[in-house]
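Subject: Structure handover

Hello,

Here is the structure I said I would pass on.

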Amino acid sequence: MRRSLIGRTWPNVIAVVLFVFFVFPVYWMIVTAFKPNKDIVSKTPVFLPLNATFDHFKTAIDAPKFWTYTANSFIVTIVAVLLSLVIATLAAFAIARMKFRGRKGFVLVVMAAQMAPWEVMTIAVYLISRDNEMLNSLVPLTAFYMMMVLPFTIFTLRGFIAAVPKELEESAMVDGCTRTQAFVKVIFPLLAPGLMSTSLFGFITAWNEFPLVLILNKTEGQTLPLWLSSFQTNFGTDWGATMAASTLFALPVLILFVFLQRKAVGGLTDGAVKG
């Protein structure tokens, strides 16, 4: 009985340790955002600020072009995710339902594209943008972010479509639906978990991307990841404003995750093992 108790206890202990390990940096970021400057630079760590202040958030929001960079981030992220969902849904349907020459090879190419490091393409993207006079534009960023999330979206949605019985689609076609109508009315509503999980993944990927925007956009086309690195003074880094800005930057992702977490987690696991 004692061994049984130990066997049930140590997984919980490990889980708690891992939880603290991963959550503590987020907690420290948020707490530091509310600390007065004297507590931030204090040699004695302050784990719970008693004199919380919102001055750092005001400094972050009042930073030059904050709202411009916020709008840029939302535009490129949302457009990239929506485009990837449309293209990936059609591609996944073709892979899962249609027989054509080179289908298996196409799946392998999609998987290889997902595993390839996207940083190797930054030089090519920069040269294409420069030659077409598209530097400091949101168009190259949007297209590149869409390509980043497209392979994962195709691969995940393929599993969901393959898991839908063909008989449902055939029954709809027997009742008079065209293949397109059968897809829209029968298959597409069943893809909600997959669409949510891939949307969350795509949003996080595009929202956090830093190297490409650093290379392509130097002025009005910048996004929030670059804005985070702007809180420098003659005396060093303004850690309070930096942590407040980081908290604001993470807020949209946290809100999206809270709304989609149940379906997103199920979607990731179902889409990965089916098909």
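Predicted model: local features only at pLDDT ≥ 70, side-chain atom pairs only at ≥ 80, totals over all residues.

Helix 5 (residues 103–115) and helix 7 (residues 138–163) have axes that come within 8 Å and cross at roughly 130 degrees. At that angle helix 5 counts as oblique to helix 7, and the crossing is left-handed. On the helix 5 side the contact is made by V107, V110, M111, A113 and Q114, and on the helix 7 side by M148, P151, F152, I154, F155 and R158. Sorted by class, the residues of this contact are nine nonpolar, one polar and one charged.

The other pair is helix 4 (residues 66–97) with helix 9 (residues 179–187), whose axes lie 13 Å apart at an angle of about 105 degrees. Angles of 65 to 115 degrees count as roughly perpendicular, so helix 4 and helix 9 are described that way. Here T89, F93 and R97 of helix 4 meet R179, F183 and I187 of helix 9. This contact has three nonpolar, one polar and two charged residues.

Now the cores. The largest nonpolar core has 20 residues, and I154, I161, I187 and L191 touch the most other members. At least two residues of this core come from each of helix 4, helix 5, helix 7 and helix 9, with helix 4 giving the most, eight residues. Beyond its neighbours within four places in sequence, I187 is in contact with F93, R97, I161, V164, E169 and A182. Another core, of 15 residues, lies apart from the largest one and includes F144, M146, A206 and L212.

Regards

Conventions. Residues numbered from 1 in each chain as written. Heavy atoms only, no water. Axes fitted to C-alpha atoms, helices over the stretch in contact; angles between N-to-C directions. Helix = DSSP H or I, 4+ residues; strand = E, 2+ residues; numbered from the N terminus. Parallel < 35°, antiparallel > 145°, perpendicular 65-115°, else oblique. Left-handed = near helix turned anticlockwise from the far one by under 90°. Contact = heavy atoms within 4.5 Å. Nonpolar A, V, L, I, M, F, W, Y, C, P; charged D, E, K, R; others polar. Core = buried A, V, L, I, M, F, W, Y, C linked by side-chain atoms within 4.5 Å. Buried < 20%, exposed > 50% of the residue type's maximum accessible area, 1.4 Å probe, protein only.
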